[in-house]
Amino acid sequence: CPRCQSSIKSWPINNRTCYACFSCQPIDGSKTPNIVTPIKDCVPFNSHCARETAEIRLQETGPERLTVKEIKAELIKRHVEWPQNAKKATLVQLLCDSEERKPGFV
């Protein structure tokens, strides 16, 4: 989980996949009596339904979860130039490097 670092679990419900962090999103069995046991851990992804802002994702998990467009916007804000044909991994590294140069970076 980007917020608490616990694992995110996934399980099927009605031919769809449900995802939850049981630390941040505890399940109350009294309200939903037929809970399915989570099957496996899940790698966080960018939800299109409950989207977090780029700023929050950058603070909580770093630039890897940002889109290329969002990374480029951050690089522009920081006055960092990049090669026109740069891949996402290069842009992520440039953004990380720019963070390290900021005063007060932790």
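**Exercise 1.** In which helix does S98 lie? Then decide: is S98 buried or exposed?

*Solution.* 
Step 1. Note that this is a predicted model. Find S98 in it: S98 lies in helix α3, which covers residues 88-101.
Step 2. Take the relative accessibility of S98, 6%. Buried means under 20%. S98 is therefore buried, because its value is 6%.
Step 3. A polar atom of the S98 side chain lies 2.7 Å from the backbone oxygen of L95.
Step 4. Look further along the chain. Leaving out residues up to four places away in sequence, S98 touches R78 and V80.

**Exercise 2.** Which residues make up the largest nonpolar core? Which element gives the largest share of this core?

*Solution.* 
Step 1. List the members. The nine residues are L58, L66, I71, L75, V80, A86, L91, V92 and L95.
Step 2. Sort by element. Two elements, α2 (68-77) and α3, each give two or more residues to this core.
Step 3. Pick the top contributor. Helix α3 supplies the largest share, three residues.
Step 4. Zoom in on one member. Beyond four places in sequence, L58 touches P63, L66, E74, R78 and L95.
Step 5. In soluble globular proteins, nonpolar side chains tend to be buried together.

**Exercise 3.** How many bridges join strand β1 to strand β2?

*Solution.* 
Step 1. Locate the strands: β1 is residues 8-13 and β2 is residues 16-20.
Step 2. Count. Five bridges join these antiparallel strands.
Step 3. Inspect the turn. The strands form a hairpin with two residues between them. In that turn, N14 has a positive phi of about 50°.

Terms used
Residues numbered from 1 in each chain as written. Predicted model: local features only at pLDDT ≥ 70, side-chain atom pairs only at ≥ 80, totals over all residues. Heavy atoms only, no water. Helix = DSSP H or I, 4+ residues; strand = E, 2+ residues; numbered from the N terminus. Buried < 20%, exposed > 50% of the residue type's maximum accessible area, 1.4 Å probe, protein only. Polar contact = N/O pair within 3.5 Å; in protein donor to acceptor, adjacent residues only side chain to side chain. Contact = heavy atoms within 4.5 Å. Core = buried A, V, L, I, M, F, W, Y, C linked by side-chain atoms within 4.5 Å. Pairing = 2+ DSSP bridges.
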